[in-house]
Amino acid sequence: MARDGNRFSWRIAFLAGLLILATAGIVYRLFAIQVLDHERYRLEAQEEHLDKRLVRSARGAILDRSGFPLATTIDVFDLYVDRRAWRDDPAAAAAVAEAVAARVGRPAAPLLARLLDDTAGPVELIEDAIPFEVGREIEALGLPGVVLAGGSQRYYPEGDVASGLLGFIGRDHSGLSGLEADLEETLGGRPGALYFERDGGGRPIVLGETRFEPGTAGADVRLTIDRHIQRLVESELDFQIEAHDASGGTIIVMDPQTGAILAMASRPGFRLSSLSLDGADEDLFRNRAVTDVYEPGSVLKTITMATAIDRGLVNPNTTYYDSGSVEKGGYTFKNWDFSAHGVTTMTELLQKSLNTGAIWLSDLIGPDDMYASIERFGFGESTHSGIGGEAAGLLRTHRDAGWYAADLATNSYGQGIAATPLQVVTAVAAVVNGGTLMRPYIVEEVSSPAGRRLFEPVAVRRAVSEATSRTVVQMLWDVVDGVPFHRAQVSGYHVGGKTGTTLVSIPTGYALDSTLASFVGFAPVEDPAIIMLVKIDTPQDDPLGGVVAAPVFGKLAPAILSYLDVRPSATAARAGR
Amino acid sequence: MATLDRLAPSPSAPLAPAWKPRRAIAVALIAAAAIALLQVFQSGSSVDTGLSLQRLERQQADLTASVHALEAQVAALSSLDRVERAARERLGFVPAESILYLEVATQAPGGLLGPPPIATPATAASEGEAVPWWRDLLRATPFD
């Protein structure tokens with residue numbers, strides 16, 4: 001009998017089912033890989049085959065307030081050598097050394113020795129920052145083993161002017177200090193990217209896929225700094241430090257009406273023309289005008305007086321009796337000249353810079369109002385100028401632990417309070433500009449192809465009333481022009497100001513033989529166009545602010561005022577000094 | 001022979017032209033050669049374009065570098081040090097020792113500052129006055 005081939009077999013069905021499942025699984029897997037996960041695998045393959053090279057964008061320039069460049073960028077080449085190119089042909093290395101040395105201005109023999117010395121590895125940077133045309137010349141020679149990489153270099157047309165303020169960039173062209181670092185995001189822009197197909201050795205495939213994503217060039221930054229005033233100030237500061245054998249100093253010139261910083265110089269510092277980061281003393285890189293604090297000394301009597309007048313407690317003709325010393329909190333405080341001056345007006349208090357008078361005022365004001373006023377003038381907090389590394393200063397009030405009653409006395413004449421030079425000049429500017437604390441600023445404008453951003457002055461808060469400001473300005477005018485032979489006087493202009501002489505604070509108290517001599521002055525009194533702080537650190541020949549710092553104002557102010565075309569105060573024709 | 005005759009086409013029916021293999025092969029070869037040549041031309045054109053692009057990019061880099069260099073040159077020429085050096089060495093300038101301020105109480109004159117005109121222009125009043133006939137005639141000539 002013939003077998004019946006149509007009978008249903010479970011075993012065969014089971015096997016068929018298994019096969020169908022397996023096939024379905026394979027098909028699904030293929031579908032998943034090629035359709036569902038297509039993008040992921042495509043990107044992985046792209047990553048394998050494509051390489052990315054960042055293309056640095058042009059760095060923005062830093063300009064002074066008139067638009068003259070203080071820091072700009074030029075194109076250069078870095079020269080690398082691949083020693084493998086002449087491993088079998090040393091004569092080629094000699095030819096390379098000869099050709100390169102002639103064009104970069106170096107002797108050929110040491111260069112050849114370096115080319116043949118492979119302890120640094122097969123590939124080495126031989127010469128950096130070669131001028132662009134020279135690089136193209138070398139490139140055109142087609143020398144074996146020579147690779148030129150395009151780059152850029154910072155160029156400073158004004159030389160070392162504003163070195164500390166500008167700062168510098170590193171080999172990766174990122175800002176490392178100063179405004180170059182503070183404004184890195186603005187100046188650096190955004191790098192572009194070049195994607196290209198590479199072979200197994202990492203080399204670009206000539207006809208392979210390439211894609212370029214353009215970056216964004218850095219924006220140009222225009223500062224409030226005036227290059228001429230900055231140069232004048234730095235030159236004078238260097239001269240004064242040498243003349244008085246001082247350890248350093250700071251000068252800040254500011255527009256008291258707006259807070260715009262016209263010049264800012266501090267020493268010790270560094271020079272951009274001789275900058276070397278190998279073993280460099282990093283202390284030289286900081287901008288001491290905003291990072292270093294000091295006790296303002298008698299300059300702070302301006303604030304104490306303004307506070308008392310603003311509270312209606314005194315006027316310029318109010319008197320007190322100066323006995324030469326005062327007891328406070330178990331301590332005895334004396335005037336700087338160890339003298340007693342008897343009946344003294346408030347104006348005379350400032351003219352003679354009497355500590356006893358300042359203490360008398362602080363007693364009248366009281367700790368609540370005194371510290372509230374000091375804080376209103378910005379002490380104890382950063383000015384938010386935008387300059388990196390700015391310190392907030394130190395202020396211990398009666399609300400803080402460790403405060404003593406004697407602190408109110410010392411604080412009234414500027415000891416026991418630590419502030420940066422920028423804080424001090426900003427506070428006095430608030431007294432002379434009508435009573436408004438302005439935020440100091442150094443960036444005027446940021447401009448890029450995308451547009452321009454102008455920065456407006458910012459009024460932080462009212463420190464004292466306009467009437468108080470007018471009164472104190474008159475008193476400070478009397479301090480300078482009312483004192484015969486005051487060294488801050490400027491022929492043709494009415495000048496106001498206050499000197500300060502502070503002992504240098506040390507961990508155990510004060511160094512009795514070291515002072516910080518300072519002066520804050522402004523002119524013209526009728527409508528102050530500039531305010532200037534001069535601080536000379538530890539002058540060796542004379543400790544006093546009136547002798548060391550005030551004359552610096554007297555020397556710089558005429559040049560700055562005439563440069564700024566500020567109308568003289570005097571109405572009669574006078575000859576300058 | 002009769003069998004063979006039966007197999008042969010009838011002499012009365014016309015013969016259809018045969019597609020010969022040789023012709024097909026020739027056409028295929030020509031097509032292949034054309035495609036290959038086209039590819040060669042395309043590759044060559046692509047390489048040319050790539051080289052042109054490289055050349056233009058290089059030109060752009062050179063021009064950009066020139067612009068930066070010129071900007072730096074302008075900055076250097078207008079630098080304070082250079083200006084002061086030129087003022088001192090080439091022009092013989094020295095820093096001012098004193099600054100003299102003069103206040104002038106008289107108001108500055110209006111209009112152009114300069115020497116008075118040689119001939120006073122005719123005023124409106126004089127325009128209305130009677131002018132001699134010979135004066136009129138003279139005005140019409142280039143000699144007036």
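Which residues touch the most other members of the largest nonpolar core? They are Ile252(A), Val253(A) and Met532(A), in a core of 116 residues. Keep in mind that this is a predicted model.

**Domains and cores of chain A**

- Chain A splits into domain 1 (46-68 + 158-223), domain 2 (73-85 + 94-153) and domain 3 (227-266 + 294-563).
- Taken over C-alpha atoms, the centres of domain 1 and domain 2 of chain A sit 23 Å apart.
- The 116-residue core gets its biggest contribution, 9 residues, from helix H16 (residues 421-432) of chain A.
- Domain 1 and domain 3 of chain A each put at least three residues into this core.
- As background, nonpolar side chains tend to be buried together in soluble globular proteins.

**Where chain B meets chain A**

- On the chain B side, 21 residues are in contact with 27 residues of chain A.
- Helix H2 (21-77), helix H3 (80-90) and strand E1 (100-101) of chain B each bring at least two residues to the side that touches chain A.
- H2(B) supplies the largest share of that side, with 11 residues.
- By type, the residues on this side of chain B are 11 nonpolar, 7 polar and 3 charged.

**A closer look at helix H2(B)**

- H2(B) has 57 residues, which at 1.5 Å a residue should span 84 Å; its end C-alpha atoms are 83 Å apart, so the two figures agree.
- The buried ones are Ala65(B), His68(B), Ala72(B) and Ala75(B).
- Their packing partners are strand E3 (69-82), helix H5 (132-141) and strand E5 (146-155) of chain A.

- Phe132(A), Gly135(A) and Ile138(A) are buried in H5(A).
- Looking down the axis of H5(A), these buried residues fall within an arc of 120°, so they line one face of the helix.
- They pack against E3, helix H3 (90-104), strand E4 (123-131) and E5 of chain A, along with H2 of chain B.

- In general, most residues other than glycine have a negative phi, and most peptide bonds are trans.
- Arg267(A) and Pro268(A) are joined by a cis peptide bond, with omega about 0°; Pro268(A) is in the loop between strand E10 (261-267) and helix H10 (288-291) of chain A.
- Another cis bond runs from Ala523(A) to Pro524(A), with omega near -15°; you'll find Pro524(A) in the loop between E20 and E21 of chain A.
- Asp245(A) isn't a glycine, yet has a positive phi of about 55°, and is found in the loop between helix H9 (227-243) and strand E9 (248-254) of chain A.
- Asp245(A) counts as exposed because it has 10 C-beta neighbours inside 10 Å.
- Ser353(A) is another residue other than glycine with a positive phi, near 55°, and its place is the loop between helix H12 (346-352) and helix H13 (355-365) of chain A.
- Ser353(A) has 24 C-beta neighbours inside 10 Å, so it counts as buried.

- Pro543(A) sits in the loop between strand E21 (530-537) and helix H18 (545-548) of chain A.
- Pro543(A) is buried, with 20 other C-beta atoms within 10 Å.
- Setting aside residues up to four places away in sequence, Pro543(A) touches Thr501(A), Thr515(A) and Ala517(A).
- Ser514(A) is in strand E20 (residues 509-523) of chain A.
- Ser514(A) is partly exposed, with 17 other C-beta atoms within 10 Å.
- Beyond its neighbours within four places in sequence, Ser514(A) is in contact with Leu503(A), Val504(A) and Thr538(A).

Note on methods:
Residues are numbered from 1 along each chain as its sequence is written. Chains are lettered from A and ligands numbered from 1 in the order in which they are written. This is a predicted model: local features need pLDDT of at least 70, side-chain atom pairs count only at pLDDT 80 or more; totals for chains, interfaces and linings use all residues. Two residues are in contact if their C-beta atoms, placed from the backbone, lie within 7 Å. Helices (H or I, at least four residues) and strands (E, at least two) are DSSP runs, numbered from the N terminus. Ala, Val, Leu, Ile, Met, Phe, Trp, Tyr, Cys and Pro count as nonpolar, Asp, Glu, Lys and Arg as charged, and the others, Gly among them, as polar. A nonpolar core is a set of buried Ala, Val, Leu, Ile, Met, Phe, Trp, Tyr and Cys residues joined through C-beta atoms within 7 Å. A residue is buried if 20 or more other C-beta atoms lie within 10 Å of its own, exposed if 12 or fewer, and partly exposed in between; C-beta atoms are placed from the backbone. Domain bounds come from an automatic or database domain assignment. The expected span of a helix is 1.5 Å times one less than its number of residues. The arc is that of the directions from the helix axis to the C-beta atoms.
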